[in-house]
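Hi there,

Here is the structure I promised to pass on to you. Have a look at it first, and then read on for what turned up.

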Amino acid sequence: MILPELTGNENLKNQLSRLEEQNRMPHAVIIDGGNEELRLKLAEHLAMWAVCESEGEKPCSSCKGCTLAKAKSHSDIHYAEGEGKTDSYNKKEMSFIVKDAYIKPYIADRKVYILSECDRKLPVISQNIFLKTLEEPPQDVLFIMTCKTSKSLLETIRSRAMTFTLESELGYSDEHLDLAREIALGIVAKSEMDLLKATYKLDERAKALTVLDLVIQLLRDGLAVYVGSEAELDAEIAETLCRKLTKKNYLELIDITKDAQLKITQNVGLKLVSTELCAKYRRALWQR
Ligand SMILES: [Zn+2]
């Protein structure tokens, strides 16, 4: 069974079908890319597969295991909860999970642990606790981690898990949009450091082009709000920009961004482009 939401994700669909055909399930999976809603859907699909009781195609979506999984009340599927101010999977919770993983499943063939938003919620200290279990995982366990980008996890964790990367139908991921927001806010920030740090993250060509597309969209949103219309992508950022920018600023900033995109397509070094971009943004705004 393939999730209807996975349209467009051909590589991922093939990856999943191969595993399903061979009835081979990894012990640990990282789901990144796309958006959190889609990542969770895929996580739940894999969890259902792990606890499905059907002899035929899995997940069958109708057996007791699947039904309980869908209702989020399967005793072998554990959703990590997160604790404290940062809502993170702290040392205490992670220690519980790795210990619990060695206890046999109650009714299914496998136990599943879903840890969502790991870039935000799985601190390094907990990753290190987790790592020992990933090195020698119990036979009948599936750990599923979701995050914007698997790069936010330790290399040692990544190398012990299978990564499924979702494409977004929108053509960009949460990670791209977050970075675009950071750049847009950096443009109007008092200190140049914010902007420098943000533009420095434009470290791959495709990513840089997508992020700069989004920066242009955020600037256009700001301009739209400025002239009394509505923002499409992010109303909050548009309001913030509007407090600081004039119409002339917007147009100039959009031009500067397009110019940087052109340079990226002409294979100018990314470090050079991002440094120059930062300097030009600042000059457009702060040097009168
Ligand atoms: Zn089933």
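This is a predicted model: local features need pLDDT of at least 70, side-chain atom pairs count only at pLDDT 80 or more; totals for chains, interfaces and linings use all residues.

C66 is buried, because its relative accessibility is 0% and the cut-off for buried is under 20%.

The zinc ion has C52, C60, C63 and C66 as its protein donors, each through its SG atom, at 2.3 Å. Along the sequence, these donor residues follow the spacing C-x7-C-x2-C-x2-C. The angles among the four donor atoms run from 103 to 117°, and the site is tetrahedral. For comparison, the ideal angle for four tetrahedral donors is 109.5 degrees.

Next, the nonpolar cores. The largest one has 39 residues, and within it I183 and Y281 touch the most other members. Six elements are listed as giving two or more residues to this core: α8 (174–188), α9 (192–200), α10 (205–226), α11 (235–242), α12 (247–265) and α13 (270–286). Of these, α10 provides the largest share, with ten residues.

Leaving aside residues up to four places away in sequence, Y281 touches I183, I187, L195, L212, V215, L253, I256 and T257.

As background, nonpolar side chains tend to be buried together in soluble globular proteins.

Enjoy looking around!

Best wishes

Technical notes:
Residues are numbered from 1 along each chain as its sequence is written. Side-chain values use heavy atoms; hydrogens and water are left out. Donors are N, O and S atoms within 2.8 Å of the metal (3.2 Å for Na, K and Ca); water is not among the atoms, so sites may look incomplete. Four donors count as tetrahedral if all angles lie between 85 and 135 degrees; four count as square planar and six as octahedral if opposite donors are over 155 degrees apart and all others between 65 and 115; anything else is irregular. Buried means under 20% relative accessible area, exposed over 50%, partly exposed in between (1.4 Å probe, protein chains only). A nonpolar core is a set of buried Ala, Val, Leu, Ile, Met, Phe, Trp, Tyr and Cys residues joined through side-chain atoms within 4.5 Å. Helices (H or I, at least four residues) and strands (E, at least two) are DSSP runs, numbered from the N terminus. Contact means heavy atoms within 4.5 Å.
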